[in-house]
Amino acid sequence: MVLKEVRIHGRGGQGAVTSSQVLAVAAFYDGKYCQAFPSFGVERRGAPVEAFTRISDKPILARNHVYAPDFVLVLDPTLADCVDVGKGLKKDGIVIINTNKSAKDFEGKIGGKVVTVDMTKVAMDIIGKPFVNIIALGAFAAITKEIKLESVFKAIDQEFSHKKEVGELNKKAAEELYKKVKGV
Amino acid sequence: MTEMVVEASKAIALAAKLCRPKVIPMYPITPQTHIVENLAEIINNGELDAEIIHAESEHSACSALLGAQASGIRTFSATASQGLALMFEVLPIVAGNRMPCVMAVANRALSAPINIWNDHSDAVSVRDQGWIQIYVESTQEAIDTLIQLYRVCESKEVMLPGMLCIDGFTLSHVYERAFVPDQSEVDEFLPEYKPLNILDPANPITMGPIAFPNSYMEFKKMQHEAMLLAKKEIEKANQEFGKKFGRKYGNGLIETYRMEDAKYAIIGMGTLIGTARTVVDKLREKKKKVGLIKLRSLRPFPDEKLRKAIEGLKGLAVIDRHISVGYEGPLYTDLRSAFYGSKLTLSNYIAGLGGRDITAAHIEKVFIDLMNGKSGGWLL
């Protein structure tokens with residue numbers, strides 16, 4: 001069984017929990033099994049929060065926390081300074097950070113491979129607001145190859161079924177990030 | 001049937017809707033789950049013809065549940081933790097009046113210290129108040145069991161209330177894939193509620209009057225006998241649900257996993273079973289003869305089925321997500337009584353209190369302890 005575990009770091013109000021859910025829905029559209037859950041903390045705006053997604057070819061039985069993620073997605077660049085975002089990362093795992101810095105700036109600070117993408121810039125350019133929680137999944141799809149971009153689009157359509165225009169902007173920005181990472 | 005990725009709380013709301021309750025009393029503030037929030041939305045959208053009663057406390061919500069059910073209709077409610085504790089006084093009144101109310105309980109710790117996370121101390125503490133209690137492992141099982149519960153509770157032989165017990169957060173806040181049945185399918189499985197007695201001003205009767213010492217015991221005995229009969233109804237509902245929907249959960253009362261030739265096993269309730277399944281699979285690959293027993297029905301207690309399930313076992317570890325302070329895990333007490341006279345070695349682990357994660361490493365340690373003849377303890 002191929003089970004992939006994802007940990008998403010964000011700040012309260014940034015939508016990390018929604019990221020984990022939309023990622024799960026995208027995996028579902030890929031025909032995979034999925035599970036998303038928050039870290040069940042006390043919710044405060046601005047405080048570091050974590051959310052998790054499991055993706056697998058087979059039904060997911062485990063219901064304990066994620067301790068050894070395959071992928072880590074960091075929505076807020078300042079979190080890498082105050083939270084151990086590489087904690088428990090699998091040997092060949094990847095940490096994806098939304099930042100305008102280069103991966104080299106994180107060398108030695110985070111165990112494991114680091115990929116940096118300036119998601120906030122794309123969000124500002126296309127959406128006009130620094131909302132990266134959904135569009136980050138475009139970068140995630142390109143870097144991890146665990147989900148298809150079309151499935152991310154479908155999941156965005158579902159999430160924004162009541163706000164179609166916002167959904168379209170998120171799709172556009174997610175695609176932009178996907179292309180940026182792919183270098184096309 | 002539609003498959004979707006859905007939060008367990010929402011899935012339970014969707015399942016409740018499919019059962020067509022007419023009145024949903026609720027106390028919508030902490031410690032509440034998204035279940036009633038989702039139902040309020042469903043009703044507001046005109047998808048369910050039901051009345052919500054916003055009570056001023058869980059005590060009132062449970063009283064309203066009883067009153068509404070007495071008027072001859074199907075009801076639903078949900079609560080958790082201190083909310084269930086506040087309902088305590090009314091719980092035996094619902095059961096003693098033989099009202100087949102159904103309620104979802106997102107199992108969460110009781111204060112103090114203040115804690116909002118999962119354990120079984122809320123529901124297990126009200127175990128003896130005459131409600132059927134079924135604990136589930138997954139979103140799918142929660143949906144399916146809720147629909148079955150109405151059938152069990154409303155069957156003429158039973159006429160008792162039921163609790164669907166789901167692990168707070170560990171299940172209630174999880175998004176995963178689940179099949180949500182269609183209304184027509186549920187309508188075929190769950191007939192319209194036919195009350196035996198109706199509290200109706202046009203035809204006044206007395207419900208819940210005093211029973212003097214010369215009759216109270218007879219009422220309690222009938223209640224107890226009905227609860228014992230519920231075992232058969234739970235099995236039947238599981239069986240017939242399986243035929244119609246293609247999903248079954250063991251025999252309805254318990255579900256076993258890889259127990260065919262098992263020498264050592266773990267028994268527990270709720271989501272810890274899922275994690276334990278992964279550990280059993282891992283140990284089975286190493287040729288260890290281990291298995292699992294999931295207890296679904298805590299009340300009625302399926303002692304005969306359990307005695308059958310342990311045949312051939314050398315050791316069984318009982319994981320309790322609750323502690324009877326000053327003694328031991330309550331499930332352990334029940335099982336020692338059920339297995340009295342058996343040569344089986346039993347051990348007891350207290351785990352997962354106040355949301356402490358029950359990890360695969362915990363479960364593996366329990367199996368290793370079992371195989372080494374070590375006794376239980378606290379999984380900290």
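1. Helix 1 and helix 2 of chain B. In this predicted model, the axes of helix 1 (residues 8-18) of chain B and helix 2 (residues 34-44) of chain B cross at roughly 50 degrees and come within 8 Å. The two helices are therefore oblique to each other: an angle counts as roughly parallel under 35 degrees and as roughly perpendicular from 65 to 115. The crossing of helix 1 and helix 2 of chain B is right-handed.

2. Residues at that crossing. Helix 1 of chain B contributes B:S9, B:K10, B:I12, B:A13, B:A16 and B:K17. They meet B:H34, B:I35, B:N38, B:L39 and B:I42 of helix 2 of chain B. By type, the residues of this contact are 6 nonpolar, 3 polar and 2 charged.

3. Chain B as a whole. The secondary structure of chain B consists of 13 helices and 15 strands. The C-alpha trace of chain B spans about 70 × 55 × 45 Å along its principal axes.

4. An open sheet in chain B. Which strands form this sheet, and in what order? There are 6 strands, in the order 9-11-10-13-14-15, and their pairing is mixed. Strand 9 (254-257) and strand 15 (377-379) of chain B are the edge strands, each pairing on one side only. On average, neighbouring strands are turned by 25 degrees against each other, direction ignored.

5. One pair within the sheet. Strand 13 (residues 315-320) and strand 14 (residues 345-351) of chain B pair in the parallel sense, over 6 bridges. In this pair, B:V318 stands opposite B:N348 of strand 14 of chain B.

6. Helices on the sheet. Helix 10 of chain B packs on the sheet and touches strand 9, strand 10 (264-268), strand 11 (290-295) and strand 13 of chain B. The direction of helix 10 makes about 165 degrees with that of strand 11 of chain B. Helix 13 (residues 360-371) of chain B lies across strands 10, 11, 13, 14 and 15 of chain B, running at about 135 degrees to strand 10.

7. The contact between the chains. Chain B gives 19 residues to this contact and chain A gives 16 residues. Strand 8 (175-180) and helix 10 (272-285) of chain B each supply at least two residues of the chain B side. Helix 10 of chain B gives the most, with 4 residues. The chain B side divides into 7 nonpolar, 8 polar and 4 charged residues.

8. Strands across the contact. Strand 2 (residues 33-38) of chain A and strand 8 of chain B run antiparallel and are joined by 2 bridges. A:A36 stands opposite B:Y175 in strand 8 of chain B.

How values were computed
Residues are numbered from 1 along each chain as its sequence is written. Chains are lettered from A and ligands numbered from 1 in the order in which they are written. This is a predicted model: local features need pLDDT of at least 70, side-chain atom pairs count only at pLDDT 80 or more; totals for chains, interfaces and linings use all residues. Axes are lines fitted to C-alpha atoms, for helices over the stretch in contact, and angles run from 0 to 180 degrees between N-to-C directions. Angles under 35 degrees count as roughly parallel, over 145 as roughly antiparallel, 65 to 115 as roughly perpendicular and the rest as oblique. A crossing is left-handed if the near helix is turned anticlockwise from the far one by less than a right angle, and right-handed if clockwise. Two residues are in contact if their C-beta atoms, placed from the backbone, lie within 7 Å. Ala, Val, Leu, Ile, Met, Phe, Trp, Tyr, Cys and Pro count as nonpolar, Asp, Glu, Lys and Arg as charged, and the others, Gly among them, as polar. Two strands pair if DSSP finds at least two bridges between them.
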